[in-house]
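Subject: Two-chain model for you to look over

Dear colleague,

I am handing over the structure below, and my notes on what was found in it follow. Please read them with the coordinates open beside you.

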Amino acid sequence: MTIFGRFVILATLTTVSGCGASIKLKNDPLPEALVEQWPLTVAVRYDETVRNFVHTEKLATNEKFQIDLGSASQQMFADTLGDMFAEVIEVTDGAPVPSVDLLIEPSVTALEFAIPSQTVTNDFAVWIKYAVKVYDTTGKLQADFPVPAYGKAASESMLGGNRAGLTAATRLALRDASTLLLTRFDVDAGMRGRQLPRRQNPTEESSDEN
Amino acid sequence: MRTDAQWRCALSVALVLMVLSGCSTTRNDSVTNSPMPTYSGESVVVMARSYHTGNKTESDFTRCIVNELRSGQNKLNIMRGEDFIDAMYPWFEPRTAPNDIGDMPRLIQNEKVAARMRETGVRYVVWLDGNTEMPGGGGSISCAAGAGAAGCFGFAWWENDSDYDAAVWDLDGQKEAGSLETKVNGTSYLPAIVIPIPLIARTRAKACDALAEQLQQFIRSGSAVPSVAEN
């Protein structure tokens with residue numbers, strides 16, 4: 001590489017990633033998913049990390065980064081599960097779980113990122129790792145699987161700097177998490193080819209008691 | 001002390017040199033797999049191959065191709081890639097996008113996907129692959145600044161290789177109609193006598209022009225003529 005080339009790359013990287021960044025994601029709705037809907041009613045109990053997640057990191061270069069997912073993960077799960085299941089009931093912490101086919105408990109377990117000066121490219125990358133627990137009608141843990149999502153976005157302009165690139169990569173990672181859920185939930189949750197246990201309806205429960 | 005005329009002259013020379021560009025060679029190639037039906041205004045969508053497959057096509061190259069395809073005598077009816085990806089969600093995401101036309105029949109078995117595909121009116125999908133690299137260069141430039149004066153002296157050069165290909169899928173016929181390739185190799189120069197004067201070989205822009213022209217020809221007439229040009 002020429003001296004000029006090195007100078008241009010160094011100048012670009014310095015401009016693009018020289019001063020850290022703090023981003024806060026908006027709750028952008030996802031497009032309607034073209035998937036077959038399960039005729040099931042599910043309850044979802046969001047972990048605190050899904051309702052509000054902030055990742056702060058100081059690099060060796062002293063640049064400080066903060067990625068505030070806010071409730072963007074919750075929005076992502078709400079949109080995704082809404083497309084996957086006939087009915088989704090949100091359950092708050094401590095509240096009793098209504099009679100449903102499945103109870104789903106997602107959480108955020110990790111967030112990592114890389115900026116152009118680390119990747120030595122023009123790209124920002126974001127990894128978000130979710131954990132999803134699925135309980136059956138009896139409350140027994142049916143599956144506990146990770147959802148490792150990845151997003152990569154090129155720095156579109158030097159003016160946008162770290163903020164634009166990181167925001168775009170984080171949005172893509174959220175979208176990737178949704179894609180993984182939409183396309184792999186049946187396998188990951190152990191539902192492929194299985195006859196799902198149907199919940200008893202309230203009249204059956206009362207007649208049993210009698 | 002320099003006069004205004006001398007300054008104007010120096011500025012004009014600098015501007016002329018700046019609009020000059022480095023040398024480049026453009027090679028176009030194409031493979032036709034099956035005869036294309038007559039183009040009658042059907043929608044075409046242009047997307048870059050997924051980064052999950054290691055593709056590095058720059059987003060501004062994709063935008064350039066889209067803008068070129070929308071313009072000129074042979075302009076095509078283009079749907080924005082982002083709109084198509086949203087409409088087909090989640091089946092054209094980086095993780096799920098079909099790699100091969102052979103993946104399409106299984107995808108279209110999903111009735112929702114088939115119906116949405118019809119709604120979009122998209123007949124042709126163009127997948128872009130490739131990128132621009134700087135494989136080498138040489139030379140050196142030194143710059144110095146002192147009280148009341150600054151300047152550079154030296155000479156540097158570098159090569160740019162823009163290598164892109166486009167696969168054209170015919171969704172109605174469920175086949176890959178053909179593929180087109182454009183390679184542009186160029187050398188840029190940076191002579192510096194007091195001020196550095198870049199003579200840039202705009203290989204990516206030339207690759208965009210050449211590939212877009214080939215795509216217009218191919219989709220409209222079913223073939224594109226291989227060519228080599230130096231400029």
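A:Phe53 stands opposite A:Gly70 in E4(A), in a predicted model for which local features need pLDDT of at least 70, side-chain atom pairs count only at pLDDT 80 or more, and totals for chains, interfaces and linings use all residues. Residues are numbered from 1 along each chain as its sequence is written, while chains are lettered from A and ligands numbered from 1 in the order in which they are written. Helices (H or I, at least four residues) and strands (E, at least two) are DSSP runs, numbered from the N terminus, and two strands pair if DSSP finds at least two bridges between them.

Strand E4 of chain A, residues 64–70, is joined to E3(A) by six bridges, and the two run antiparallel. They belong to an open sheet of three strands in chain A, with the order E1-E4-E3 and mixed pairing. Strand E1 (21–24) and strand E3 (53–58) of chain A stand at the edges with a single partner strand each, so one side of each is left without a neighbour in the sheet. From one strand to the next the twist averages 5°, where axes are lines fitted to C-alpha atoms, for helices over the stretch in contact, and angles run from 0 to 180 degrees between N-to-C directions. H5(A) lies across E1 and E4 of chain A and runs at about 40° to E1(A).

Elsewhere in chain A, strand E7 (residues 123–135) is joined to E8(A) by 13 bridges in the antiparallel sense, and A:Tyr130 has A:Val147 in E8(A) as its bridge partner. E7(A) and E8(A) form a hairpin with five residues between them, and A:Gly139 in the turn has a positive phi of about 90°.

Turning to the interface, 18 residues of chain A are in contact with 24 residues of chain B, two residues being in contact if their C-beta atoms, placed from the backbone, lie within 7 Å. On the side of chain A that touches chain B, the elements giving two or more residues are helix H1 (3–17), strand E8 (141–154) and helix H5 (161–188) of chain A, and H5(A) gives the most, with six residues. By class, that side of chain A has eight nonpolar, five polar and five charged residues; here Ala, Val, Leu, Ile, Met, Phe, Trp, Tyr, Cys and Pro count as nonpolar, Asp, Glu, Lys and Arg as charged, and the others, Gly among them, as polar.

The secondary structure of chain B comes to six helices and eight strands, and its elements run α-β-β-α-β-α-α-α-β-β-β-β-α-β from the N terminus on. The radius of gyration of chain B is 23 Å, well over the 17 Å that the globule rule gives for 231 residues, so chain B is more spread out than a compact globule; the radius is taken over C-alpha atoms, and the rule is 2.2 Å times the number of residues to the power 0.38. Taken along the principal axes, the C-alpha atoms of chain B fill a box of roughly 80 × 35 × 30 Å. Among contacts in chain B between residues at least 6 apart in sequence, 74% join residues at least 24 apart.

In chain B, strand E2 (residues 43–48) and strand E4 (residues 122–133) pair in the parallel sense over six bridges, with B:Ser43 opposite B:Val122. E4(B) is also joined by 10 bridges to strand E6 (residues 149–170) of chain B, the two running antiparallel, and B:Val126 stands opposite B:Val168 in E6(B).

Buried residues make up 32% of the 231 residues in chain B, a residue being buried if 20 or more other C-beta atoms, placed from the backbone, lie within 10 Å of its own, exposed if 12 or fewer, and partly exposed in between. B:Lys183, found in strand E7 (residues 175–196) of chain B, is buried, with 20 other C-beta atoms within 10 Å. Leaving out residues up to four places away in sequence, B:Lys183 touches B:Arg27 and B:Asp163. By contrast, B:Gly72, in the loop between helix H2 (59–69) and strand E3 (77–79) of chain B, is exposed, with 11 other C-beta atoms within 10 Å.

With best wishes
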